[in-house]
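Notebook, today. I opened the model to look up the overall fold and then one residue in detail.

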Amino acid sequence: MNPQTTTTAVRSTIVVEAPIERAFRVFTDGFGSFKPPEHNLLGVEIAETIFEPRVGGHLYDRGVDGSECRFARILAYEPPTRVVSSWDINPQWQIETDLAKTSEVEVRFVADTAQRTRVELEHRKLERHGDGWEGVRAGVGGDAGWPLYLRRFAELIAKAE
């Protein structure tokens, strides 16, 4: 994995031993399987994380009590090569309701071979979060951010074979 940070974006790449279609499917259908359970904005334990596979859909957590936390909107859905979502979490790690103050996460899937896929993640437009956006960059680019998600994703791919 190769994490890289620029001034207003965080990039991370990982290669998985899986065909592109499978890598895309596991990433979208299985998002809740590799998202750390402690990454939780609800007041209760997460029962499930849902990735709605369509433009206009959401990424959200559903709590054990039925409550929901919608933390991302699906902006582009292009199986098996690309998905883009918003990041609707502010620098205080709460839901951002002002859509002008949200960033974007693009995930590209590139077939290196028929059985190997490179997954390139870019979390961009972080400055749109306003005051404190550098903390968002540090959080999503740090060891407990996107690099952790991609490592857990790769582990899930390896187990599912």
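I wrote down the cut-off before anything else: a residue counts as buried when its relative accessible area is under 20%, and as exposed when that area is over 50%. I also noted that this is a predicted model.

Entry 1, one serine. I looked up Ser86 and found it in strand E6, which covers residues 82-87. Is Ser86 buried or exposed? Its relative accessible area is 1%, so Ser86 is buried.

I checked what the side chain of Ser86 reaches. It lies 2.7 Å from the backbone nitrogen of Arg73. I also found a polar contact, at 2.9 Å, between the side chains of Ser86 and Asp88.

Leaving out residues up to four places away in sequence, I listed Phe71, Ala72, Arg73, Leu75, Thr102, Ser103 and Glu104 as touching Ser86.

Entry 4, the whole chain. I counted 4 helices and 8 strands. Their order along the sequence is β-β-α-α-β-β-β-β-β-β-α-α. The radius of gyration is 15 Å, close to the 15 Å of the globule rule for 161 residues, so the protein is as compact as a globular protein of that length. I read the span of the C-alpha trace along the principal axes as about 45 × 40 × 30 Å.

I compared the mean positions of the 20 positive and 25 negative charges and found them 3 Å apart.

Terms used
Residues numbered from 1 in each chain as written. Predicted model: local features only at pLDDT ≥ 70, side-chain atom pairs only at ≥ 80, totals over all residues. Heavy atoms only, no water. Helix = DSSP H or I, 4+ residues; strand = E, 2+ residues; numbered from the N terminus. Rg over C-alpha atoms; globule rule 2.2 N^0.38 Å. Lys, Arg positive; Asp, Glu negative; His and termini not counted. Charge placed at Lys NZ, Arg CZ, Asp CG, Glu CD. Buried < 20%, exposed > 50% of the residue type's maximum accessible area, 1.4 Å probe, protein only. Polar contact = N/O pair within 3.5 Å; in protein donor to acceptor, adjacent residues only side chain to side chain. Contact = heavy atoms within 4.5 Å.
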